[in-house]
Amino acid sequence: MTKKTPKRTPFSTLSRRNVLTIGAIGATALAAPAAIRNLGARPMGQSVKESYDTDVLVVGSGFAGTFAAVAARRQGHRVLMLDKGSVGWSGLSPWASDSRPFDPSIYDRDEWMENLSTNCEYVNDRGWFDIFMDESLDIFETLDSWGVHNCKPFERSKVFRRVLLQAGVEIVERVMVSSLLKDSADRVGGAVGFTFDDSSEDCRAVTVTAKTTILCTGAGGYKSPGFPNWGQTFDGDAMAYEAGAAITGKEFHDTHGTFSNYSAASYQNWSWAQEVTGAFIMVGPPGRANGGLTIDSALQAAQSGVSKNGGPLADGVGAAGSPPPEFAAMAKAAEENLAYKGKGFLAREDLILDFGLPPEGPPPSAGFDKGYHVGGATAGMGVHKSEGVFCADYSCKADGVEGLYVAGDALGSMLCGASYPGRGFSSYGSAIQGRRAGKYASEAAAAMDPAEIAQSEIDAKIAAMWAPREREQGYSPDWVTQVLQATMTPFHILYIKEERRLDGALSSIEYLRKHIVPNLVASTGHELRQAHEAANMLLNAEMKLRAGLYRTESRGTHFREDYPARNDDDWHCWVLMRKGAGDDMEMSKHALPEAWKPDVSVSYRDAYPRSYPGEDSYRATQHAG
């Protein structure tokens with residue numbers, strides 16, 4: 001007798017009660033999870049341990065990590081590189097396609113500085129941007145000499161691996177670094193982690209002792225399917241914070257978008273960038289107010305809904321199949337940028353030049369006929385080069401923590417301030433910072449004795465690392481991640497902020513960190529990785545909420561409905577957070593030079609071309625008071 005397959009009910013024929021029941025089941029799964037038994041629980045104390053000793057440890061192998069490792073090797077030091085994925089494939093480096101080198105023979109330095117500072121709303125670090133303008137053309141030449149410009153972005157990993165191996169860098173891949181090691185003098189002297197591919201062999205503990213450590217771990221997000229940063233979970237921030245470093249930039253958020261018909265198809269949304277072979281160069285200076293990643297789409301959603309491509313419905317612009325209204329300003333800038341064609345290094349015939357218009361190619365018409373253009377695809381990622389470990393100078397050294405250096409998107413350098421000013425600054429910024437971190441970490445290593453880490457320190461860190469594997473009952477990291485996403489990714493929490501909503505979200509995140517994280521379970525190596533990633537993301541979420549509450553003004557991609565205007569008197573600063581006594585998160589301001597403020601001779605609106613809802617009336621009330 002043939003067994004019949006039950007006939008499926010088409011979703012379109014489900015009754016309203018069926019749909020509500022399905023929704024209730026899903027909501028119940030989030031709201032009332034049962035602690036699960038860890039069927040893979042086992043003692044991990046006897047697991048194989050791999051130990052390494054090196055001069056300079058580099059964690060991460062993207063632009064920042066590759067340049068850091070090569071720079072350290074050229075100083076004659078032993079260099080070990082650890083990566084959670086594989087060389088050149090982890091994080092966002094595989095997706096980087098364009099760059100904007102500064103050529104002093106054709107560009108006006110003051111114009112670049114003024115435009116970027118206006119676009120980034122005056123909390124960008126001008127010193128770092130000076131360094132970018134000094135060194136970006138040399139980074140271009142270095143990448144060209146390596147052969148990077150002879151391949152597509154996804155093929156760049158092969159080039160990075162070849163360069164690293166030729167330089168003599170030792171590479172250990174597929175290792176999640178879970179914490180930093182410190183010696184008796186409170187100096188960072190290496191790290192511990194674990195291999196998580198345990199389908200054919202058991203996980204192994206990995207211990208590295210090093211004179212200096214460079215974190216090139218990238219940024220992070222909350223595992224959104226709409227942007228290719230799923231493996232980045234703020235690991236570097238978390239490790240540095242626990243080691244005593246200050247963290248900055250958490251109130252400012254990236255606003256990359258995606259298309260509703262392809263919302264979870266990152267490759268399709270970025271396919272135009274991945275078809276490029278050669279040096280893809282952005283031409284011209286950054287714009288004063290256009291061309292960057294703004295908060296406009298979230299503001300439009302909050303006010304009147306979102307039309308196709310992000311145009312406000314009330315104005316009838318941005319109809320399906322047409323570009324959003326800001327492209328008019330982009331088109332004007334692109335026409336002006338044509339004046340640079342054929343000048344300076346742009347005269348090279350092997351360059352692919354982008355003068356500022358949206359790229360053509362798949363998806364058709366740059367995707368503007370592919371449904372609604374929705375923002376927030378990065379779901380928690382900060383502004384490139386503006387979120388991460390705080391450095392008080394330009395050495396990439398973590399402020400107040402000896403032996404620790406940071407580069408790339410893991411470094412809160414504030415190169416780009418309160419919003420990303422346009423394409424072309426991220427990958428070269430990472431390369432520049434990686435090279436500097438390699439230089440200064442090498443100089444420090446040359447003056448240091450080998451790290452002497454107490455065995456008790458190593459044992460304690462390894463025990464904490466294995467805890468979810470050994471715990472017999474607790475909570476799934478998948479469930480925790482779902483609750484985190486539901487709490488943090490709504491646009492009225494992440495982008496449209498207000499004190500009560502932020503307080504409510506913070507209360508939930510605090511509960512998860514206090515009561516759930518200590519009871520996470522993992523039955524496999526991959527689940528162990530997810531458990532540590534969930535803990536790191538939750539720490540980051542608390543940072544973002546506290547920073548958003550602390551900065552009582554609006555600036556760049558940080559918008560407070562209850563404080564909808566810039567306040568240079570009180571908030572021309574960076575917000576820092578550092579681990580205090582117990583689990584307290586200490587907040588403070590780092591004042592910026594007066595010379596970095598807007599020109600007092602220009603009007604408020606000229607200094608800040610982008611406006612917020614309710615800004616003018618709020619300012620009038622404040623001035624009247």
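What share of the 625 residues in the protein chain is buried? In this predicted model, buried residues make up 56% of them. The chain holds 19 helices and 20 strands, and its accessible surface comes to about 25700 Å². Carbon and sulfur atoms account for 51% of that surface. As for how the chain folds back on itself, take the contacts between residues at least 6 apart in sequence: 77% of these join residues at least 24 apart.

You'll find Ala444 in helix α11, which covers residues 426-446. Ala444 has a relative accessible area of 16%, and since buried means under 20%, this residue counts as buried. Set aside the neighbours within four places in sequence, and Ala444 is in contact with Thr212 and Tyr405. Thr212 is 232 residues away from Ala444 in sequence, yet the two C-alpha atoms are 7.3 Å apart in space.

Is Asn229 buried or exposed? Its relative accessibility is 0%, so Asn229 counts as buried. Leaving out residues up to four places away in sequence, Asn229 touches Leu92, Gly220, Gly221, Ser224, Thr378 and Met381.

Next comes α6 itself, made up of residues 235-242. Seven of its eight residues are buried, so α6 is largely enclosed by the rest of the structure. The buried ones are Asp235, Gly236, Asp237, Ala238, Met239, Ala240 and Tyr241. Just past the end of α6, have a look at Gly244, where phi is positive at about 105 degrees.

Now for how helices pack against each other, with two pairs to look at. Start with α3 (residues 109-119) and α4 (residues 126-146), whose axes lie 11 Å apart at an angle of about 135 degrees. That angle makes α3 oblique to α4, and the crossing is right-handed. On the α3 side, the contact is made by Arg109, Trp112, Met113, Leu116 and Ser117. Their partners on α4 are Arg126, Phe129, Asp130, Met133 and Asp134. Sorted by class, this contact has five nonpolar residues, one polar and four charged. The spacing of those residue numbers ties in with helix geometry. An α-helix has 3.6 residues a turn, so residues three or four places apart point the same way.

How are α13 and α16 arranged relative to each other? Helix α13 (residues 477-488) and helix α16 (residues 525-550) have axes that come within 9 Å and cross at roughly 25 degrees. Angles under 35 degrees count as roughly parallel, and α13 and α16 are therefore roughly parallel to each other. Their crossing is left-handed. From α13, the residues involved are Pro477, Asp478, Val480, Thr481, Leu484 and Met488. They meet a run of α16 residues: Glu527, Gln530, Ala531, Ala534, Met537, Leu538, Ala541, Lys544 and Leu545. By class, the α13 contact with α16 comprises 10 nonpolar, two polar and three charged residues.

Methods:
Residues are numbered from 1 along each chain as its sequence is written. This is a predicted model: local features need pLDDT of at least 70, side-chain atom pairs count only at pLDDT 80 or more; totals for chains, interfaces and linings use all residues. Side-chain values use heavy atoms; hydrogens and water are left out. Axes are lines fitted to C-alpha atoms, for helices over the stretch in contact, and angles run from 0 to 180 degrees between N-to-C directions. Helices (H or I, at least four residues) and strands (E, at least two) are DSSP runs, numbered from the N terminus. Angles under 35 degrees count as roughly parallel, over 145 as roughly antiparallel, 65 to 115 as roughly perpendicular and the rest as oblique. A crossing is left-handed if the near helix is turned anticlockwise from the far one by less than a right angle, and right-handed if clockwise. Contact means heavy atoms within 4.5 Å. Ala, Val, Leu, Ile, Met, Phe, Trp, Tyr, Cys and Pro count as nonpolar, Asp, Glu, Lys and Arg as charged, and the others, Gly among them, as polar. Buried means under 20% relative accessible area, exposed over 50%, partly exposed in between (1.4 Å probe, protein chains only). Accessible areas come from the Shrake-Rupley method with a 1.4 Å probe; for residues, only the protein chains shown count as cover.
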